[in-house]
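Reader: I would like to learn how to read salt bridges and backbone angles in a model. Could you walk me through this one?

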Amino acid sequence: RMNFEDILKVKGAPQDGFDEDGNPIEQPEGEWQTFGKCVILPNTQAKIITLTDGQQYVYSHEIYAPISKAKYPLIPKEGEKIWITKKDGTIDKEMEVKGFVTLKKRYLKIWL
């Protein structure tokens, strides 16, 4: 049984905006928002995944997070950045998503 005690954050979509003259405002990336609780598991056995481009990749961590329909728009895609924080403080950093799947529409599995 997994203990979902770690935290997964994703970048929200940047908001479009215009200045007084109607020119689009250069948008920074969206703000970090909490996707929810997760489990961060280090890849201690050097397991490999196959990326969408067919390359083999030894990932550093895999993340499991419960999802709900409301969270589908927030699911990070390959190449996007996420922020992971271990409950014990050993990990607190931004990482790039290398791959992801949804499991039974109830869990998100991400490889970093």
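Author: Gladly! Let's start with a pair: the side chains of Lys87 and Glu5 form a salt bridge, with 3.9 Å from N to O. The two sit in distant parts of the chain, 82 residues apart, with Lys87 in the loop between β6 (81-85) and β7 (92-96) and Glu5 in the segment before β1 (6-11). This is a predicted model, where local features need pLDDT of at least 70, side-chain atom pairs count only at pLDDT 80 or more, and totals for chains, interfaces and linings use all residues. Residues are numbered from 1 along each chain as its sequence is written, and side-chain values use heavy atoms, with hydrogens and water left out.

Reader: What counts as a salt bridge, and what are the strands?

Author: Side chains of opposite charge can pair when their charged atoms come close. The rule asks for a side-chain nitrogen of Lys or Arg within 4 Å of a carboxyl oxygen of Asp or Glu. Strands are DSSP runs (E, at least two residues), numbered from the N terminus.

Reader: How many salt bridges does that rule give?

Author: The count comes to 5. Among them, Asp6 and Lys86 meet at 3.5 Å, N to O. Asp6 belongs to strand β1 and Lys86 to the loop between β6 and β7, so this pair ties together parts 80 residues apart in sequence. Another joins Lys109 and Glu62 at 3.6 Å, N to O. Here Lys109 is in strand β9 and Glu62 in strand β5 (residues 61-66), so parts 47 residues apart in sequence are tied together. There is also a network of salt bridges linking Lys81, Glu96 and Lys98.

Reader: Where does Lys105 lie?

Author: In the loop between β8 (99-103) and β9 (107-111). Lys105 has a positive phi near 55° and is likewise a residue other than glycine. Lys105 is exposed, at 61% relative accessible area.

Notes
Helix = DSSP H or I, 4+ residues; strand = E, 2+ residues; numbered from the N terminus. Buried < 20%, exposed > 50% of the residue type's maximum accessible area, 1.4 Å probe, protein only.
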